[in-house]
Every structure is written in structure tokens, then in C-alpha cells.
Amino acid sequence: MISYFPLGDSAIQLTFGDSINEETNRKIYAYMRILKEFEIPGIIELVPSYTKLIVHYNPLEIGIHELVDKLKELEQQGITPAESEMKIVEIPVLYGPTFGSDLEVVLQHTGLTEEELITQHSAPIYKVYMLGFTPGFCYLGGMPALLATPRKKTPSAKIRAGSVGIAGEQTGVYPIESPGGWQIIGRTPLKLFNPEREQPFLVEAGNSIRFYPISQTEFDQLNEYDA
């Protein structure tokens, strides 16, 4: 059951569960799809997260009570995730010390060899729960527990775009150059965020990601960055 909570006079928070898991997150994106198809007047923006969906609306076009009634009508229709919400995006990664400045830290913490780490990290299909922090930064679920490594005690002032890192029980890719505290184990040659593309984001919330290892030669061939 979805719970509804007003946020000020122009937003409502819908809570779909109290724990982070793929089933709850898929329900959120299925509900978003239905909500967009329903085209309720006055809705401005939908902002999903791990277990919640924020619905921003114009109170001059629709009142909160009317909006909640319509949202509950959608809930009663049933929420079934569609196949389109299960898109898998393949992300090539050059693992290793060339770009993995913190690889040795992760190996020492986990007790794995470099080959074992690459195998474990590239094996799962990761769920993209939401985007945030910087444009296109994916918060992923599904990393094997044995790869978990604490984030850096002192964040790096600059991490290169495309860097693949681990922080706690999560893994992710830095879509743009930025400060950050994740342990970097490799880099993808693909731009996850490119404002010059028709679709700026390579990966969208609700998609899934599969990493696969590549060689330096393959990285150079696929490289979308200047250097």
C-alpha cells in the first residue's frame, strides 16, 4: 500500500516501502509510467528515489485533495512493471591500475586478487535505483557483498569522468569530473552524460547496467573523451 504525505503546498511524497529493494523500486517506475499516461492536469514533475516518489504539482491547477484522490485511483488499478522498464545498458570498463587509482585499497580490504575482483564486479546485472549527486550519476543496487569497501576518509578533489568506483555496499560511475570519495577501480570510455546528445543520459533511472571488462586497445577505440 502506498502512503501519501504532503510536502509544503505544491508536492506530495508517495512512499512505496520502507526498505531498499528491486521490487519496490520497480513498482515506483511502473507507477510513474501509469501516471504519465493518465496525464493528470497540474502535475509538473516526478522525482523518484529508492522507496519514494515526489509528485510536484501546481496548486493553482489542482488541489491536494483532488490530486490524492486521483493518485489513489491509479494505485487501485494495480501496478505491474513493464518489459520496457528492464532495459539493460552494457558499460565497458578498463579495470586495473591504469585508471583504478584505488584498486590496491579495494584488493587489500576484500582480500581478492585483481582477476577475482573484475570477475565479481562484472558478473551482476545492477539495478539503477535513481540518478543524483551529479547529472547522470547512477545509484546502483546488486553489488556482491564481498566487494564492499569503505569510502575514502578524505575525498579526492578531482575524479575523472567515467571513473568506476566502490563506496560501502554500492558501486557507480562518475558521469562528469567532480570531487568524490569512492574507491576508483577502473574507467569506462563511454560518456554517461553528454549534453550535446539528443538524449543526454546514457542510462536512465529504472534501467539496469551490466559492466564488462575491456583491454587498453578496446578502451582507446571506444574512448569518447579527449584524454
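Start by selecting Phe 133, which sits in the loop that links strand S6 (126-131) to strand S7 (138-141). Keep in mind as you go that this is a predicted model. Now look at the backbone: the phi of Phe 133 is positive, about 70°, although this residue is not a glycine. Is the residue buried or exposed? Phe 133 is exposed, because its relative accessible area is 52% and the cut-off for exposed is over 50%.

Next, move to Glu 39. You will find Glu 39 in the loop between helix H1 (22-38) and strand S3 (43-48). Check the backbone here too: Glu 39 is not a glycine, yet its phi is positive at about 55°. Turning to the surface, Glu 39 has a relative accessible area of 63%, so it counts as exposed.

For the last stop, select Glu 104, Glu 114, Glu 115 and Glu 116 together. These residues gather on the surface as a patch of negative charge. Which helix gives the largest share of the negative patch? That is helix H4 (residues 114-122), which supplies 3 residues.

Finish by zooming in on one of the patch members, Glu 114, which lies in helix H4. Its relative accessible area is 32%, so Glu 114 is classed as partly exposed; that class runs between the 20% limit for buried and the 50% limit for exposed.

Conventions
Residues numbered from 1 in each chain as written. Predicted model: local features only at pLDDT ≥ 70, side-chain atom pairs only at ≥ 80, totals over all residues. Heavy atoms only, no water. Helix = DSSP H or I, 4+ residues; strand = E, 2+ residues; numbered from the N terminus. Buried < 20%, exposed > 50% of the residue type's maximum accessible area, 1.4 Å probe, protein only. Patch = residues over 30% accessible without salt bridge, like charges linked within 9 Å, V, L, I, M, F, W, Y side chains within 5 Å. Areas by Shrake-Rupley, 256 points an atom, 1.4 Å probe, with all protein chains shown as cover. Salt bridge = Lys/Arg side-chain N within 4 Å of Asp/Glu carboxyl O. Lys, Arg positive; Asp, Glu negative; His and termini not counted. Charge placed at Lys NZ, Arg CZ, Asp CG, Glu CD.
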